[in-house]
Amino acid sequence: MEHVQVLHRTGQWCPGRRLGEVVAYDLPILPRWQVAGHPTVDRAYLLLDQGIQLIRTVTFEGPLIGWWYVDVVEIEETDAGLVVHDLYVDFLVPPGAARYHVLDLDELGEALTQGAITPAQCAAALSNAQGFIERHLRGAEKGSIDPPRQFPPEAIAVFERLPSFGAG
């Protein structure tokens with residue numbers, strides 16, 4: 001397992017580990033997002049070959065506890081580490097993945113219209129979002145690529161058991 005640094009969109013360099021095409025990193029939660037009595041660090045996962053970032057955030061409360069926040073991202077490999085660029089499309093996925101919510105498609109359209117992203121980045125975001133749905137959220141009746149509702153992805157299981165990487 002390789003040590004890596006990941007630059008999150010909050011501007012924080014975060015310690016992580018990489019195994020093949022999967023990275024886990026520990027993300028300190030900024031004070032304004034912290035919830036009293038909850039942990040102050042999230043573990044985020046990058047599926048490098050799929051352009052996906054997943055977080056079962058500890059800041060969710062009430063009926064959202066245990067839900068996953070999934071970002072469609074572009075990942076840039078630099079000498080300093082991995083830089084994560086948000087591509088606007090997000091998902092909320094509850095435990096069991098029996099359903100999901102797609103968020104922020106309007107933000108994707110606005111970013112394209114305003115020139116904040118290129119048409120190629122927009123196309124990649126849409127393709128990665130559809131690939132994520134097909135690979136991880138569609139049931140067998142819909143022709144899932146992996147076993148039905150392979151969510152969270154099996155590839156992150158090894159990282160879920162690891163202790164803190166030193167963030168926070």
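This is a predicted model: local features need pLDDT of at least 70, side-chain atom pairs count only at pLDDT 80 or more; totals for chains, interfaces and linings use all residues.

Biologist: What span should helix 2 have, and how far apart are its end C-alpha atoms?

Modeller: With 19 residues, 119–137, at 1.5 Å a residue, helix 2 should span 27 Å, and its end C-alpha atoms lie 26 Å apart, which agrees.

Biologist: Why is C122 called buried?

Modeller: Buried means under 20% relative accessible area; C122 has 9% relative accessibility and therefore counts as buried. By the same cut-off C14, at 0%, counts as buried.

Biologist: Which residues of helix 2 are buried, and why are they said to line one face?

Modeller: The buried ones are Q121, C122, A125, A129, F132, I133, H136 and L137. Seen down the axis of helix 2, they fall within an arc of 115 degrees, so they line one face of the helix, whereas P119 and A120, on the other side, are exposed. Among the elements covering the buried residues are strand 6 (68–77), strand 7 (82–93) and helix 1 (105–113).

Biologist: What makes up the largest nonpolar core?

Modeller: That core has 27 residues, and those with the most contacts inside it are L54, V70, F91 and F151. Its largest share, six residues, comes from helix 2. Leaving aside neighbours within four places in sequence, F91 is in contact with residues including A129, F132, I133 and L137. Apart from this core lies another, of 14 residues, among them C14, A44, I55 and V73.

How values were computed. Residues are numbered from 1 along each chain as its sequence is written. Side-chain values use heavy atoms; hydrogens and water are left out. Helices (H or I, at least four residues) and strands (E, at least two) are DSSP runs, numbered from the N terminus. The expected span of a helix is 1.5 Å times one less than its number of residues. Buried means under 20% relative accessible area, exposed over 50%, partly exposed in between (1.4 Å probe, protein chains only). The arc is that of the directions from the helix axis to the C-beta atoms. Contact means heavy atoms within 4.5 Å. A nonpolar core is a set of buried Ala, Val, Leu, Ile, Met, Phe, Trp, Tyr and Cys residues joined through side-chain atoms within 4.5 Å.
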